[in-house]
Amino acid sequence: MTRKQKRLMILGGFGLVLVSALALILTGLRDQIVFFRSPTEVLAGKVRTGEAFRLGGLVEQGSVQREPNQMVRFRVTDGPNTVAVTYQGLLPDLFREGQGVVAEGRLDASGAFTASTVLARHDENYMPREVADALKKQGHWQPGKTDGPPKP
Amino acid sequence: MIVEIGHYALALALVLSLFQAIVPLWGALKRDDVLVALGPQAAVAQLLLISLSFAALTYAYLVSDFSVSNVYENSHTLKPLIYKWSGVWGNHEGSMLLWVLILALFGAGVAVFSRRLPSDILGATLAVQAMIAAAFLAFVLFASNPFLRLGQAPFEGRDLNPILQDPGLAIHPPLLYLGYVGYSIVFSFAAGALIVGRIDAAFARMIRPWNLVAWITLTLGIAMGSYWAYYELGWGGYWFWDPVENASLMPWLTGTALLHSAIVMEKREALKIWTILLAIITFSLSLLGTFLVRSGVLTSVHAFAVDPERGLFILMILIAFIGGSFTLFAFRAKAMESGGLFAPVSREGALVLNNLFLAVAALAVLVGTLYPLALEGVTGQKISVGPPFFNLTVVPLMLPLFVAIPFGQRLAWKRGDLLGVVQRTGVAMAIGLVATLATAYAIGRGPALAILAIGLGLFILLASLDEIRERAMRGGAAGAFRRLLGLPRTFVATALAHAGVGIMVIGIAFTAFEKEAILSMKPGDSVKLGEYTLTLRGISPYSGPNYTSTVAQFTVHDGTREVAELRPAKRLYIGRQMPTSEVGRHRVGLSEVYVAIGETSDGAHVDLRAYWKPFVTLIWLGPVLMAFGGLLSLSDRRLRIGAPRLAMRRPRRLEPAE
Amino acid sequence: MTLWIGIVVLTFGAAAFALRPLLRPPRSRSSLDHAIGFYEARRQELDRQMAAGLISESERAASEAEQARRLLAIERQQKAGDGRAADLRPRKVAALLLLVFLPLLAIPLYLRAGSPSLPDQPIAARIAPGGDAEMHQALQRIELHLARNPNDARGFEVIAPAYMRLGRFQDAAFAYRRVMAISGETADHLANLGEALTAAQNGIVSAEAKEAFRKAVALDPGFAKARFYLALATEQDGDVPGAVRMLGELSASLPEGAGKMRVEAELDRFRAEGKAPPRAASSPQDEAARALSALPPDERARAIEGMVDGLAARLSTQGGSFEEWQRLIQARVVLNQRDKAAVALAEARKALGDKARAELDRLASALDLKAAP
């Protein structure tokens with residue numbers, strides 16, 4: 001093998017790996033991402049039935065119903081609009097009425113949302129950023145209410 | 001007074017770092033060794049000053065001085081003593097102080113061992129390190145000062161986030177920071193070598209101990225964080241592809257690549273440009289990680305301070321250092337002559353392959369982490385890139401890398417004999433294959449990929465260990481023991497670290513076979529988990545020092561024999577009215593029964609999530625072994641040289657039959 | 001002062017430490033020395049590997065040849081400029097730079113956000129018996145206790161006034177509600193709940209508070225506190241004559257004392273606006289009061305303050321009876337000069353000594369006042 005052939009071989013191998021990696025990344029970005037939607041966007045028909053997405057907002061006061069077999073029903077609201085959610089499983093520690101929540105799942109044909117995961121985060125003051133933004137958009141954001149620590 | 005002295009020491013350290021950023025560099029360029037010698041001295045002084053500062057803040061925590069705003073925000077008189085210690089860095093300001101402390105520690109480390117270094121490289125390296133220190137000291141003093149005081153001192157603090165009140169927190173961040181920040185010194189060496197314009201095997205030799213220290217601690221830090229998330233969050237997972245986890249994984253991937261490429265550089269003087277580039281990239285990714293975590297631009301569980309101003313500050317530091325170093329790199333890249341040549345199939349070639357896959361995997365993680373930010377910035381759409389993306393991209397990139405480990409390790413320098421190597425791994429391969437079939441048979445049905453991965457892991461593990469045996473036996477069984485002891489420690493270290501990879505792969509593969517039960521139980525109920533039966537005995541309240549909790553008592557039976565009692569709990573921390581989960585775990589060998597409870601709405605039922613996790617401990621045992629390999633390699637102070645195999649030799653054929 | 005001594009020591013200590021090599025120049029290695037040493041070490045390593053049987057003779061020879069080539073290259077590169085500078089000027093400049101700029105930059109940097117005048121305040125040193133800190137600590141303990149024993153009425157009864165004193169009115173209201181949920185409603189607790197709710201609303205008697213007062217009066221028709229707040233509520237509802245009538249009845253039913261004075265103070269407010277009838281009895285004091293109330297509001301305020309200041313001056317120079325001190329303190333409180341009231345209280349303690357201690361204590365707690373230090 002001449003030096004030139006060797007170099008070509010190495011470069012070819014490099015190129016092959018790089019191209020397939022890029023292809024993987026691009027496929028992943030096309031198929032494996034989920035969009036974040038607020039209840040208003042869901043009701044506006046921005047989500048197709050059966051498409052996986054993340055629903056974010058506040059857990060509506062008084063909407064949480066626990067049923068046998070760890071079934072939970074609650075409603076997620078961003079102020080003007082709400083979407084009903086059903087979820088089977090253990091809720092996170094910080095899941096509470098009136099608090100921010102992000103649920104990942106799909107809409108069924110009747111427009112009900114079935115969550116596969118429900119997220120609430122570590123910090124008790126924590127409001128998922130997407131939720132905060134969505135609420136701000138709807139004019140329901142009250143920064144004072146989250147009781148953040150005073151900044152010196 | 002002590003607190004104020006700590007504050008002043010920090011200001012002094014900043015001015016001193018400016019001095020250190022200028023004078024030794026000047027000395028290096030003017031070739032004045034006395035000016036250069038001011039650098040190590042200033043670096044040690046800086047470490048002393050920042051240690052004083054850190055000690056002052058620690059003192060404020062220990063005596064609960066609530067006139068210090070940071071203590072008030074993050075401590076509490078009722079907090080157990082160990083969390084008063086760890087609370088120092090369990091918050092934004094304190095953790096940044098720890099960050100600069102570690103930075104100074106590495107700077108002083110180079111200073112102390114400076115006698116081994118040529119004076120011009122020493123001067124330039126310490127100057128670059130001081131520039132980083134100056135930038136971050138300024139950040140601490142101006143944007144995240146832990147010494148701000150309150151005029152009216154409150155009488156009680158606001159408590160540390162209870163989820164962070166855990167021994168894991170006491171060690172996870174310092175380890176992670178040692179790793180992150182450790183790459184700063186590697187970066188400084190790279191920048192220093194670029195400034196001086198001499199990049200050769202000696203450079204790779206200089207960065208080796210620092211590179212290893214950073215890699216070992218980062219490896220342990222990531223493993224520790226994963227283990228902490230596993231037992232503290234109660235979700236039973238060990239890796240969530242959370243942006244902050246990614247932020248630590250990216251420098252680890254490129255740092256691991258650097259570890260390998262530096263070997264080629266040290267032994268064969270090849271891959272110089274690439275190694276320098278990796279050193280720059282790795283620290284840049286560490287900075288990026290710091291930025292992502294500290295600015296809170298990403299939605300993350302770790303974002304305990306979300307402050308755009310701070311984010312902007314770190315972003316500016318990030319741009320300055322990445323931009324500066326790449327400009328320097330572009331200037332000097334031409335001057336770097338390429339070193340030893342090698343054939344595609346050779347140890348060098350294998351290491352290049354390793355670098356390629358690691359670097360591309362880091363790229364995939366980077367894209368997945370930053371894409372949501374970019375998309376939101378451009379279109380305003382919010383998306384989340386979750387585990388499916390990373391599983392799709394990173395896993396296929398890592399698998400070929402893993403497969404290549406046993407072969408690459410055996411290839412000769414300069415030109416290798418792939419067929420011979422394949423033959424030599426034959427035994428390990430056969431055992432791996434048999435194990436795969438046995439597993440498939442024993443488990444019956446299961447995901448084919450997972451069964452294959454178990455076989456792969458076994459193959460890596462066995463082939464790595466077998467290489468030690470093979471080397472010791474080379475030349476006959478007589479004297480094998482003497483040869484075993486005489487093996488270079490770096491060689492044994494490599495084999496052990498690679499065995500660690502195999503162990504980790506096995507552990508991860510076995511997660512596909514875990515048994516899960518999510519259900520609601522009342523006392524007396526039982527549920528089956530694999531071989532074990534879990535029975536709820538009762539639910540009772542309990543009060544701790546600063547929390548109340550609901551404890552569920554379970555017994556674990558193996559057949560009819562009771563083997564363990566588990567007490568998972570749900571705690572409510574009073575200071576913050578914050579609930580947390582305490583997981584109940586029973587370890588059987590390397591496997592575990594894992595129970596986390598949820599709501600006990602009516603007091604009679606408890607919702608729970610229970611798992612049987614076979615061989616789960618291997619997931620963390622693997623990285624620990626890898627880190628041990630690193631430590632062993634660190635202890636070997638010998639030089640490493642790859643003697644090239646000559647083209648005309650045909651050693652296999654010429655050797656007499658044994 | 002010790003702080004500044006510490007700062008000076010630290011600054012010059014750091015400078016001296018950093019500049020030490022100027023006095024004792026180190027021995028260092030030139031780049032070429034280093035390179036030669038490095039390759040020499042490599043050659044020895046090759047020998048070792050050879051001896052261990054890890055490489056063959058030909059491999060060793062090839063490797064050594066490679067190294068020799070590289071060493072030559074480095075030597076060529078280094079020869080270009082390896083003159084050692086013996087120029088002392090840069091060293092002097094560096095030393096001067098450090099000695100001048102270290103304090104010149106570090107001190108302002110520190111003062112930008114530092115608080116040199118603030119001492120350390122470890123919590124242990126601040127917990128003096130009877131001090132605020134002790135109360136906070138006690139509060140913490142009670143809170144903890146209550147979180148675990150949410151049905152302890154006595155605990156909530158103890159904690160509620162403490163919350164009131166600290167201005168945590170919502171918490172106080174919660175505590176009073178808990179007490180009543182556990183042990184039933186009493187006129188006292190209802191009125192206290194109403195008071196807490198009112199305080200939480202900055203003096204506005206909300207519908208909820210009003211309901212509490214109403215229930216309290218229903219349980220105990222003569223209960224002055226509840227009636228007083230009901231009168232205020234009536235005024236806030238817009239029924240001024242109704243409020244005046246209720247206050248008048250209340251005043252008439254009360255004996256002389258702090259309670260009555262409080263009611264009269266409210267009535268005086270209405271009288272000043274001409275919405276309430278003047279006082280019945282006519283004493284010299286009332287004459288003065290009437291003359292005062294004829295003045296325009298700001299002049300009247302000034303006149304009253306003048307009178308009170310006069311009283312204060314007289315009492316502190318010549319002394320006076322308990323009643324006179326009491327009048328002064330109460331006047332200060334009514335004028336919303338609580339700090340001056342605290343001073344007056346302290347002076348009264350000193351002037352009257354032991355004989356009026358109990359009465360002063362009672363007055364102080366009724367007015368929720370602490371003597372100035």
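User: How far apart are the end C-alpha atoms of helix α1 of chain C, and what span should its 22 residues give?

Analyst: Happy to walk through it; keep in mind that this is a predicted model. Helix α1(C) covers residues 2-23, and at 1.5 Å a residue its 22 residues should span 32 Å.

User: Where does α1(C) bend, and by about how many degrees?

Analyst: A proline, P21(C), follows within four residues of the bend. The bend itself is at F17(C), and its angle is about 35 degrees.

User: What covers the buried residues of α1(C)?

Analyst: Let's start with the buried residues, which include L3(C), I7(C), L10(C) and P21(C). Part of their cover is from chain C itself, through α4 (89-113). Chain B also takes part, with α1 (2-30) and α2 (33-62).

User: Which side chains form the salt bridge between chain B and chain C?

Analyst: Good one to look up in the structure. The contact takes 86 residues from chain B and 78 residues from chain C, and about 7000 Å² is buried between them. The count of salt bridges between these chains is one. With N to O at 3.0 Å, the partners are D32(B) and R91(C).

User: Is N246(B) buried or exposed?

Analyst: N246(B) sits in helix α9 (residues 243-268) of chain B. Beyond its neighbours within four places in sequence, N246(B) is in contact with W241(B), V365(B), T369(B) and F390(B). Its relative accessibility is 1%, and the cut-off is under 20%, so N246(B) counts as buried.

Key:
Residues are numbered from 1 along each chain as its sequence is written. Chains are lettered from A and ligands numbered from 1 in the order in which they are written. This is a predicted model: local features need pLDDT of at least 70, side-chain atom pairs count only at pLDDT 80 or more; totals for chains, interfaces and linings use all residues. Side-chain values use heavy atoms; hydrogens and water are left out. Helices (H or I, at least four residues) and strands (E, at least two) are DSSP runs, numbered from the N terminus. The expected span of a helix is 1.5 Å times one less than its number of residues. The bend at a residue is the angle between axes fitted to the seven residues ending there and the seven starting there. Buried means under 20% relative accessible area, exposed over 50%, partly exposed in between (1.4 Å probe, protein chains only). Contact means heavy atoms within 4.5 Å. Buried area is the accessible area (1.4 Å probe) that two parts lose on being put together, summed over both. A salt bridge is a side-chain nitrogen of Lys or Arg within 4 Å of a carboxyl oxygen of Asp or Glu.
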